[in-house]
Amino acid sequence: MIPGPFSYHRPATVADAVKLLSTLGDEARPLAGGHSLVPMMKLRLATPEHLVDLHGVAGLKGIRRDGGKVVIGAMTTQHELLASDEIAKSIPILQETALLIADPQVRYRGTIGGNIANGDPGNDMPALMMTLGATYRLEGPQGGREVAAADFYQGAYFTAIEPGELVTAISIAVPPAGHGHAYEKLKRKVGDYATAAAAVILTMSGGKVATCTVGLTNLSETPLLADAAAKAVIGTSLDPATLKKAAAAAEAIMVPAADARGPVEYRKHVGGIMVMRALQRAAAKAA
Amino acid sequence: MNDMTPTREQRTAALEGLGCKRKRVEDIRFTQGKGNYVDDVKLPGMLHGDFVRSPHAHARVKSIDDSEALKVPGVLAVITAETLKTVNLAWMPTLAGDVQMVLADGKVLFQNQEVAFVVATDRYAADDGINKVKVEYEPLPPLIDPFKAMDADAPVLREDLAGKTTGAHGPRKHHNHIFEWTVGDKELTDAAFKKAEVTIKEMISYHRTHPSPLETCQCVCSFDKIKGELTIWGTFQAPHVIRTVVALIAKLPEQKIHVISPDIGGGFGNKVGAYPGYICAAVASIVTGKPVKWVEDRIENLTATSFARDYHMTTEIAATKQGKVTGLRVHVLADHGAFDACADPSKWPAGFFNIVTGSYDFPTAHLAVDGIYTNKAPGGVAYRCSFRVTEAAYCIERAMDILAQKLGMDPAELRLKNFIRPEQFPYHSALGWEYDSGDYGTAMRKAMETVKYAELRKEQEALRAAFKRGETREIMGIGVSFFTEIVGAGPSKNCDILGIAMFDSCEIRMHPTGAGIARMGTKSQGQGHETTWAQIIATEIGIPADNIMVEEGNTDTAPYGLGTYGSRSTPVAGAAIAMAARKIKAKAQMIAAYKLEVHEDDLEWDIDGFRVKGLPEKFMSMKDICWAAYNSVPPGMEPGLEAVSYYDPPNMTYPFGAYICVMTIDVDTGVYKVRRFYALDDCGTRINPMIIEGQVHGGLTEAFAIAMGQEIRYDAEGNVVTGSFMDFFMPTAVETPHWETDFTVTPSPHHPIGAKGVGESPNVGGVPAFSNAVNDAFSFLGSTHIQMPHDFWRNWQAAKNLGVFEAA
């Protein structure tokens with residue numbers, strides 16, 4: 001549990017950070033909250049020669065409203081998300097989810113950018129970002145670009161980030177007023193990754209589901225959008241048969257690994273239960 | 001003036017003696033980060049050592065190439081078995097009479113076994129060096145399943161034992177067999193089963209887990225070449241034993257070995273044994289002439305030093321139709337891993353597992369334990385329990401529930417029916433123990449009344465009916481556990497470690513101003529000895545506990561003792577403390593008689609001094625006697641006021657308790673909720689109720705962890721799959737249930753102050769309470785026994801196996 005040697009860099013601007021990452025190449029890793037990278041380094045599963053610490057980079061923090069969107073700087077911590085009135089008002093599911101990430105100490109340090117950019121299937125924010133239809137702002141040596149969360153995740157720890165690129169901000173269209181939302185996470189204890197988790201954003205109209213999106217955490221190598229499950233509930237009042245149908249549709253796309261959280265069959269089963277519970281709770285919250 | 005004279009109550013309270021909820025004096029430094037732990041020891045020129053470990057569970061070591069490692073800046077030496085052979089230390093004796101490789105000698109026998117020790121100027125360089133040591137392995141088939149260990153074609157693990165048909169504990173039946181230990185009357189027991197009206201039989205496993213103290217095992221060894229002296233600071237629960245072991249195996253004169261246990265961050269049995277890290281750090285210090293520090297990390301701690309449990313107990317009870325037990329038969333398959341390194345008293349290969357008749361009056365019983373080798377880490381330590389007592393308590397408490405279920409009886413009622421009755425004490429059990437005292441029925445009934453047991457059963461019945469009607473997906477379990485522990489090892493007639501009787505000791509020195517220092521052969525790892533030991537002395541000699549400094553852990557200053565584990569400190573050292581204090585008091589009485597000019601027999605003890613009988617104004621306080629001891633003792637008496645006592649207990653002590661757990665389980669996810677946990681403990685005389693409560697909270701939290709998920713699990717290849725706190729269940733305050741504690745007091749008749757010991761009771765009694773709650777919850781669906789640990793997915797699996805999802 002002792003890391004190998006590395007060089008430490010602390011750039012002051014995004015341009016400098018990008019320059020460092022692109023010139024230092026594969027052996028450089030950006031450092032945000034460090035809660036994934038540093039343990040990996042201690043186990044020597046990650047042995048970067050250069051760490052580019054983003055804590056000194058101006059303009060990577062903060063939460064601002066931009067018309068119909070909320071833009072969150074990548075270095076914004078989970079704690080700052082929880083303390084934000086803007087988030088509480090416009091995207092409350094972000095706070096519900098952030099509260100289920102680890103413990104207060106981790107949330108003081110852990111960032112939303114690190115959570116979404118690491119490509120760790122256990123992280124909670126990626127599936128939520130897909131559910132919310134978020135886009136990520138990437139800055140790289142060739143300039144900036146926007147990538148939809150839904151297009152970002154390619155495999156465990158593999159993302160659309162190109163060499164030298166850095167996620168600088170996350171942009172989320174504010175869900176309609178009166179929307180219902182829920183993030184249901186089953187975990188063994190505080191600080192654990194999800195055995196299974198489901199995010200639901202929906203709107204109701206006349207007692208029936210009008211729109212719905214369902215995301216899944218830690219049930220595959222990447223976060224998943226359960227489109228068929230979401231489609232199954234549109235136009236229904238979430239009766240037991242529909243809920244079961246949605247769960248079955250979600251389970252059909254789950255490919256979790258067997259681990260100490262349980263065998264594949266269990267993780268898929270509780271994945272379906274999380275979907276049902278999130279749908280019910282979101283509907284109860286919707287206006 | 002009279003208003004100023006303290007009342008008797010005030011004088012008693014001022015002592016903060018027995019029964020006082022005195023605040024822990026050690027917490028002043030612990031809560032301010034001012035403790036002094038092994039890793040706080042930093043010596044000039046100190047080097048750091050760390051291990052190259054085996055990735056394989058079973059492999060031949062073909063070669064070790066350290067040439068690249070030695071090129072790493074800061075790396076000074078790489079020690080291997082070949083190096084250790086030059087000082088005859090490649091293998092070391094274990095406390096259980098086996099031998100253990102210090103570093104891999106030709107083979108590795110478990111994953112993360114120590115292969116080479118890299119010594120460097122700092123910890124980073126040591127780890128850089130580890131990554132450069134090239135070890136060539138030839139993998140061999142691993143033996144992981146204990147039930148396959150004695151198959152004819154099972155791989156040979158211990159080639160060093162080839163041809164040895166006898167081990168430290170008798171004949172060996174197979175190349176992977178360590179010992180067979182039998183107790184009890186087989187013929188009588190077999191006969192009881194033959195004529196039994198009702199029998200049950202179940203294979204009850206207590207899975208492998210780990211004590212995992214907050215502070216891992218560590219040491220600093222410093223060899224002074226000029227003086228020929230070796231000083232070892234280490235996380236030792238038994239520092240004197242370590243000193244003797246080092247003297248015996250390193251062939252150093254014992255007076256030139258100084259062992260110091262500074263503050264210890266939890267032990268729970270993990271820090272009793274001797275580990276390769278200690279030997280390697282000592283050898284490295286002797287070789288380099290510099291102090292060498294070795295500090296385990298968490299993964300090393302969980303995977304290499306001292307697992308606990310791993311007992312597979314085939315249990316049978318014979319009984320009458322009315323539910324009176326008539327016989328007990330238990331066979332244990334004990335998985336000891338690659339070496340038998342159990343830290344039991346030397347003559348007890350399965351510890352005190354023969355307490356397995358529990359709290360019940362079994363007319364006859366028979367027990368056989370087979371110890372076997374597998375490709376797993378060695379250990380088998382008493383994780384917050386007396387030796388193998390928690391396995392025994394789990395075995396009998398689970399089995400009694402299974403019997404109750406078969407008889408259609410309430411499990412609490414079955415227990416009440418079979419308890420050893422108060423008038424039967426001292427009670428001689430069928431498996432050879434003499435229980436000192438107990439009043440089980442009173443404790444059980446108090447527990448049942450407090451939790452409103454009958455109402456809980458009614459509620460459960462209603463909930464079960466609702467479940468069957470499909471109105472709820474929750475099931476409810478009520479877990480009853482009534483345990484009897486055997487602690488306080490131990491009387492010299494049956495307990496020793498490497499030939500040293502398991503007494504313990506205390507030395508008290510009173511200073512002229514009415515203060516004193518007391519030293520013991522025990523070593524607190526968080527138990528609060530600095531607080532409670534002073535309380536015993538305060539009541540015995542009438543000096544406020546605040547004026548008594550307690551010091552443990554330095555073998556140069558403390559009297560020889562066997563250390564702290566197995567809840568032995570209060571039963572053994574606690575008695576030595578009272579006896580030493582009584583010697584002080586006896587001399588004080590002579591001094592007081594001389595000063596008050598009366599005969600000794602004319603004096604009576606009065607809280608904090610001696611009073612002349614019938615002349616209340618003629619009084620001499622203990623404080624004044626201390627002063628007098630240094631200037632005006634009676635003619636012919638030596639000055640000074642100090643005493644030493646070595647206490648060889650006449651018997652063990654037998655704490656007991658009644659625990660009840662109420663739990664609900666969501667069958668769809670397997671998620672459980674502990675609704676209520678009530679723990680009644682009877683540990684005899686209660687020294688400090690607040691510390692007892694803290695001990696019970698801690699032990700119950702461990703019991704909760706063990707029963708509900710904490711395990712050391714291996715895959716089929718012998719890889720540890722629960723080697724970090726991500727997967728090894730260590731509950732936080734969020735998961736931990738609320739604990740309700742209660743007590744009865746049945747003093748030990750043979751202990752000087754009647755105390756029995758409590759630290760380990762909650763772990764021993766807690767595990768069966770949780771497991772019985774889970775099993776009770778599922779029992780109405782037709783199950784008799786579900787193995788621990790009861791984590792979410794296994795609960796779901798149990799529900800699934802019982803057909804809960806078929807109708808859905």
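Where in chain B is Ser567(B) found? In this predicted model, Ser567(B) sits in the loop that runs between strand 28 (548-552) and helix 14 (569-596) of chain B. Its backbone has a positive phi of about 50 degrees, although the residue is not a glycine. Ser567(B) has a relative accessibility of 10% and therefore counts as buried, the cut-off for that class being under 20% relative accessible area.

A positive phi in a residue other than glycine also occurs at Asp310(B), where the angle is near 70 degrees. With a relative accessible area of 3%, Asp310(B) is buried.

The next part of chain B to follow is strand 26. This strand covers residues 504-510, and because six of its seven residues are buried, strand 26 is largely enclosed by the rest of the structure. Two pairings of strand 26 can be traced in turn. With strand 32 (residues 642-647) of chain B, strand 26 pairs in the antiparallel sense, over six bridges. Within this pairing, Arg509(B) has Glu642(B) of strand 32 as its bridge partner.

Strand 26 is also joined to strand 27 (residues 516-520) of chain B by five bridges, and these two strands run antiparallel. Here Glu507(B) stands opposite Arg519(B), a residue of strand 27. Strand 26 and strand 27 form a hairpin with five residues between the strands, and in this hairpin Gly514(B) takes a positive phi near 85 degrees.

The remaining points concern cis peptide bonds. One of them runs from Ala489(B) to Gly490(B), with omega near -20 degrees. Gly490(B) is in the loop between strand 23 (474-484) and strand 24 (496-497) of chain B.

Another cis peptide bond joins Met788(B) and Pro789(B), and its omega is about -10 degrees.

Terms used. Residues numbered from 1 in each chain as written. Chains lettered and ligands numbered in written order. Predicted model: local features only at pLDDT ≥ 70, side-chain atom pairs only at ≥ 80, totals over all residues. Heavy atoms only, no water. Helix = DSSP H or I, 4+ residues; strand = E, 2+ residues; numbered from the N terminus. Buried < 20%, exposed > 50% of the residue type's maximum accessible area, 1.4 Å probe, protein only. Pairing = 2+ DSSP bridges.
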